[in-house]
Structure formats: structure tokens, C-alpha cells
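Here is a short note to read alongside the structure. The points are numbered so that each can be checked in turn.

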2 protein chains.
Amino acid sequence: MNTSVVLKRRPAGKPVPEDFEVAESETPTPGVNEALVENLFISLDAGFRNWMDEDAGDDVLPAMALDHPVMGLTVSKVIQSNNPDLPVGQILMGRLAWQSHSIAGPDDFLVPLTTDDDVPLSYHLGILGDTGMSAYFGLKDIAQPQQGDTVVISAAAGAVGYVAGQIARIMGATNIVGFTSSAEKAEKLVNEVGYDAVINHATDDIDAKLAEYCPNGIDIYFDNVGGQILEHVLNHINEGARIPFCGAVADYTSTNPGPSNLFKLVTNSARIQGFMTHHNVDRYDEARDQLKDWLADGKLTCFEQQYEGVDSCGTAFSGLFAGKNFGKSVVKA
Amino acid sequence: MNTSVVLKRRPAGKPVPEDFEVAESETPTPGVNEALVENLFISLDAGFRNWMDEDAGDDVLPAMALDHPVMGLTVSKVIQSNNPDLPVGQILMGRLAWQSHSIAGPDDFLVPLTTDDDVPLSYHLGILGDTGMSAYFGLKDIAQPQQGDTVVISAAAGAVGYVAGQIARIMGATNIVGFTSSAEKAEKLVNEVGYDAVINHATDDIDAKLAEYCPNGIDIYFDNVGGQILEHVLNHINEGARIPFCGAVADYTSTNPGPSNLFKLVTNSARIQGFMTHHNVDRYDEARDQLKDWLADGKLTCFEQQYEGVDSCGTAFSGLFAGKNFGKSVVKA
């Protein structure tokens, strides 16, 4: 039997557990050029909320269908195959679904993983996967931190943010300030991840705190959420500021308008640059090798929250939007 | 006597002639290191609206003071001098004021002009000045048009936009689409400036027209206004789209929120990059030489609207926001 979690109804704003439902079905049989895989780990990524709306289909992905298994990134193992490129036993990363087993084909962004190292498999969904690489590409290609720079990071305790804070430090930034939504997360970010200061966007006076923690202005804003925080940050940016932009949770869980002060980009010759990790697929090896080296050297630390069982996917995913998680959230299927 | 136009009251939204008043005073005497200049031409730039608000002072310029002459760019001639770098007879460009005569000092962004060519002096405020160079730097440094690219330009009949449309073509873009606000301007943009198509943002269905005129999507959006048009354009951008952003009239004449779909930047790995021409001051010669060559070759055509007399500044400036002007607007002082 195959256990799936399906999209029962389209979330209204923030997803809640009732938007999802566990479903059992026959284990499917692979067709021509396809393989049957067992999903070992399932990644929970806030960004996928974007494709849960009815009219959300775009060049990147189609809108998710109601009553179908929810799309998501997985680490999976081939257990039956009609495709010589997907041999039985192969471990791979793919864009499959919240299921115990999936059919994997050439359109599913499959990336074979080497397992001849001592890296836990779940790391390939987090610090060595899309979220860790997002932090890496956003900083290396777009932000390019310099000695003395002040870097501000939204969703600092999220799967991208907690890695970005560490990489910004490795790359030489001097002052690293995060946004988060609870005192516990703020404390952990300062004491365990190495942030210099953290602002609680739910309770603090954001402008006053930005002025206090960023006395020399903001050189880099690594934006993982979009929305209101960006407007506040724009009032404090320096000339030549860079804003790598890799997520916009605020955009798709509310009807909030965008920032009304984009003119600050003009007066500061600053830029907002969106990016998606899969546009850099030919550089995954470079990114993973660098991140592995930093992990091995102890410069980079992994924070991961694991849930047990496919049927926990809906609740765990909803938790991302309730600000409950720290670091990367994965389900052990 | 010295004729000035002063800021009588702060504009509420779009400036109107009653926000300004003509004032007569003694011709001033230059102090240490200063010169007295006669202003020959005064530039009308929508961007200066930004600093007419009470709390508008920023790193670029202070907020304008009530009952003081309005700040503006000028082409001026030194007629009395206490500064050996500003010899009598020197023609220069400066950030001075709406006056027949001004005191010019080292803080006034003075740039000496050579007059040993046959370029009309007023061109240094338009096609060879800030607006022409904005079009040049925005396209050369940020947009980098490629063969086959579709370029969309807001305020296409404005001082930056009509030059940007021509330079985009020179640099190889294939499909050039403008936004403007009247049928007359649209016709002139197509027949005289060389746009492929023009959308009237006041009367057309913007999304339908963008789909019709940009069947291959938008590679470059040269944004001179900010606001609502950006939101429409973001729904049509291609992967890797570039949005040079050099003005935001919409931002500062209304309470319009920003675009709510900035997430499109993420899914398309696209960027919005603000810039100000004066940040490239060390490259003015490069830009002017290139623009002069294109003018001489007939690849670039100047469109200029001249007003007569300092006392016309307030009315002429207000006209910019009423969509009445085509090309660059200058006052012959």
C-alpha cells in the first residue's frame, strides 16, 4: 500500500492541518522510462505554498490539483525501474510528493546523490539541498558580503535564514542581524547560530531596532519572506545595497500590498534580485562541496527538526507558517 | 534684480502652479570660493518632486525649504567669481535653482561644459545631461539588451523614456513597447521615435495589451515611474528579466502601495536595480561622447520642449505631472 497526503482544500492564507488529508492507495507500477521509488525523507518548504492556489500555475510549476498528493522535494531510493539512468538502489533527490512511494520520471528534477560520505541523507534536503544552496547562491552570487558589511536576514530561524547567517559570517560580514517571531528562537540564533542581534518582528518596534542594531546602515538584506519587513528595511539601506530575494511567504499568505517605498532603491542605487536554486543546477556540485567543507571544518552547523511518518506532513507543513520550527524541517517517511 | 520661483507650499500629490510663486530680490554677491552665475537654461525633472515633501531629506538631498527658490539642474555661465576653478565666462552644469542668477559653490555638483562643439547648450540638461545619461547607464550597465529582447519602457514620452527607446534599439533590442498617457504621444512615439507599439495606461487594458505586444514575454522593463504599471509588467517577465529603475513618480504623488507580486522576481530570477546618474559622475565623458556620436550619426534624435522665462518654471514643472509634455522640458531663463 502507498500512503499519501493529499491537498484536500486550497489554504485560505496560512495553511492549516485541515487543508490536508491522509489517503491510502495501491502502490503504483512504473511506466516506460519511469521508476518506482521509496521516499526516505520529505522536505517541508514554505515556498511550495505558492502553488497551492487555484490560479498559481506558472513557468516553474503547475498549480497543485485538489485530492492529489502534495508536491514536495524528497530524498528517495529507486526500488523498481524501467529506466537505465535510474538503477535500483540509486539514492536521488527529486521533486516528487508527500507519499511513501512515488513514480519518478525524467520531468521530476531528479538529481542522483553520492552516498559514499558520512553525511546524513536528510542533509540533502536542507543544509546541502535547496535551502542551504539558496543561502549559498544568494550570498555568493548576489550579496557578496564584504568586510564591515551589515547583513540583515528575514526568517532568520528558517531553513535558509539560519544557514545564510552563518555563511555571511564565513564570507566576512561583520554585523549580522536577524528577524524572527519568538524570544526562544531569538536567543538560540544569538547563542547557538552566531547572530549579533535579532529583532522580533511580531513585538518589537522594527524601525527603532533596525536603527539600534544597524548603526552604519544595511548593506545586504537577505529576504526570505517579502512583505512588510522589506518596507522597513528599505528605509535603512546604504548606497549599493543588495537584496537577494528567495522567498515571499508574506506575498502568498496575505493580501498585503508590496512596499510603497521602492524609490529607496533608486536613491541608493540598490537592487532586489530574485533567484531560484534550480536555475543553478549546473553548480550544485560546487555549492555542495563548499558547504560540506564548511561543515567538516566546524564553520557551519546544521539545525534540523525531524517529524516521523508521511502522515505528519500536513501538520508539520502548517507549523512552518505558525513560526514553530527552527532550522530545516523534514519528515522521515 | 534676481527673479526666482519659490516653493510657496508643499504639493499635495501632483504639483500644481499654485504651489509656486515668483519672487524678486537683490542679485546676490558671491562669498569666499563662490561664484555668481547667470542661469541660461533650467531643467524640469519630475524626480525633484521627491524633495518637496517636508520629511523628504535623505542622503542625496535635503528637503526643499518653503519660500526658498526651488532646487533644480541648470546650465549656467559664471559672471563674477571668487574661485579660480570657476573662471568668469565658464559654462557649467549645476544643481542650483529656479532663478535668473544663483550663487554657485563647491557643494552644488558643478560640472564644467566644453562649448567648442555645435551642440545646443540646452542638450546638456536633456539628451546629453542627466536624463539622456540615465537612459544610457540604465541600458548599458543594467539592462544590457540582447538581439531578440523585448523592452518595455514606462513614461516612454518622458525625458528619459524617449531616449531609452532609441538606445535600446541601437543596442540591438528587437521589440520596443512604451507606456504613455495620450493618443497623440503614442502616435508620435511610433512614427517619430521608433517604438514598435505603445500602450495608453490611462485607457487600455494593460494586461491584454502586454500579452498582445509582448508575445514572447518581457526581458527588460525600464521603469521611470514605479507604482501600478510595475505590478502588471511583473506578470509578463521572462526568466532573467532586468528592471532598471530610475524614477518613481507614482511613488511620491500618491499613496499607491507597491506591487503585491514581487514574488515574480523570485520565480523568474529577475532583478530590480535602482540607479542615479550622479553615482556615475566619473563616466559622464564616456556617456556624453557616445550620445554625441549617435546624435551625429543620426541614430539618436533629440525631442525638446522649451518654455520661456524663469517665471514659467512652476507652470511648466506642473505640466510634467499632467502628462502634457513630450521629450525633455527645459526653461530658457
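Which residue does A:F41 stand opposite in strand 15 of chain A? The first point gives the reply; note before starting that the model is predicted.

1. Strand 15 of chain A and its neighbours. A:F41 stands opposite A:K332 in strand 15 of chain A. Strand 3 (residues 35-43) of chain A pairs with strand 15 of chain A in the antiparallel sense, over 3 bridges. Strand 14 (residues 304-308) of chain A also pairs with strand 15 of chain A, in the parallel sense and over 5 bridges.

2. Where the chains touch. On one side of the contact there are 31 residues of chain B, and on the other 30 residues of chain A. Helix 6 (249-252), helix 7 (263-267) and strand 13 (271-274) of chain B each supply at least two residues of the side of chain B that touches chain A. By class, that side of chain B divides into 15 nonpolar, 13 polar and 3 charged residues.

3. Strand 13 with strand 13. Strand 13 (residues 271-274) of chain A is joined to strand 13 of chain B by 3 bridges, and the two run antiparallel. One pair to find on the display is A:Q273 and its bridge partner in strand 13 of chain B, B:R271.

4. An open sheet of 12 strands has the order 10(A)-9(A)-8(A)-11(A)-12(A)-13(A)-13(B)-12(B)-11(B)-8(B)-9(B)-10(B), with mixed pairing. Its edge strands are strand 10 (197-200) of chain A and strand 10 (197-200) of chain B, each of which pairs on one side only. On average, and with direction ignored, neighbouring strands of this sheet are turned by 15° against each other.

5. The chain B end of the sheet. Strand 9 (residues 175-180) of chain B and strand 10 of chain B run parallel and are joined by 4 bridges. Within this pairing, B:V177 stands opposite B:A197 in strand 10 of chain B.

6. Helices lying across strands in chain B. Helix 2 of chain B lies across strand 8 (150-153), strand 9 and strand 11 (218-222) of chain B, and runs at about 175° to strand 9 of chain B. Helix 3 (residues 183-193) of chain B lies across strand 9 and strand 10 of chain B, and runs at about 165° to strand 10 of chain B.

7. Helix 1 against helix 2 in chain B. Helix 1 (residues 130-143) and helix 2 (residues 161-170) of chain B pack at an angle of about 40°, with their axes 9 Å apart. The two helices of chain B are therefore oblique to each other. Their crossing is right-handed. Helix 1 of chain B makes the contact through B:T131, B:G132, B:A135, B:Y136, B:G138 and B:L139, and helix 2 of chain B through B:V163, B:A164, B:I167 and B:A168. By class, the residues of this contact are 7 nonpolar, 3 polar and no charged.

8. Helix 1 against helix 2 in chain A. In chain A, helix 1 (residues 130-143) and helix 2 (residues 161-170) pack at an angle of about 40°, and their axes are 9 Å apart. That makes helix 1 of chain A oblique to helix 2 of chain A. Helix 1 of chain A passes helix 2 of chain A in a right-handed crossing. Residues of this contact include A:A135 and A:Y136 of helix 1 of chain A, and A:I167 and A:A168 of helix 2 of chain A.

9. Positive phi in chain B. B:N33 is a residue other than glycine, yet its phi is positive, near 65°. B:N33 is found in the loop between strand 2 (20-25) and strand 3 (35-43) of chain B. B:N33 is partly exposed, with 13 other C-beta atoms within 10 Å. B:Q144 is not a glycine either, and has a positive phi of about 45°. B:Q144 is found in the loop between helix 1 and strand 8 of chain B. With 14 C-beta neighbours inside 10 Å, B:Q144 counts as partly exposed.

Note on methods: Residues are numbered from 1 along each chain as its sequence is written. Chains are lettered from A and ligands numbered from 1 in the order in which they are written. This is a predicted model: local features need pLDDT of at least 70, side-chain atom pairs count only at pLDDT 80 or more; totals for chains, interfaces and linings use all residues. Axes are lines fitted to C-alpha atoms, for helices over the stretch in contact, and angles run from 0 to 180 degrees between N-to-C directions. Angles under 35 degrees count as roughly parallel, over 145 as roughly antiparallel, 65 to 115 as roughly perpendicular and the rest as oblique. A crossing is left-handed if the near helix is turned anticlockwise from the far one by less than a right angle, and right-handed if clockwise. Two residues are in contact if their C-beta atoms, placed from the backbone, lie within 7 Å. Ala, Val, Leu, Ile, Met, Phe, Trp, Tyr, Cys and Pro count as nonpolar, Asp, Glu, Lys and Arg as charged, and the others, Gly among them, as polar. Two strands pair if DSSP finds at least two bridges between them. A residue is buried if 20 or more other C-beta atoms lie within 10 Å of its own, exposed if 12 or fewer, and partly exposed in between; C-beta atoms are placed from the backbone.
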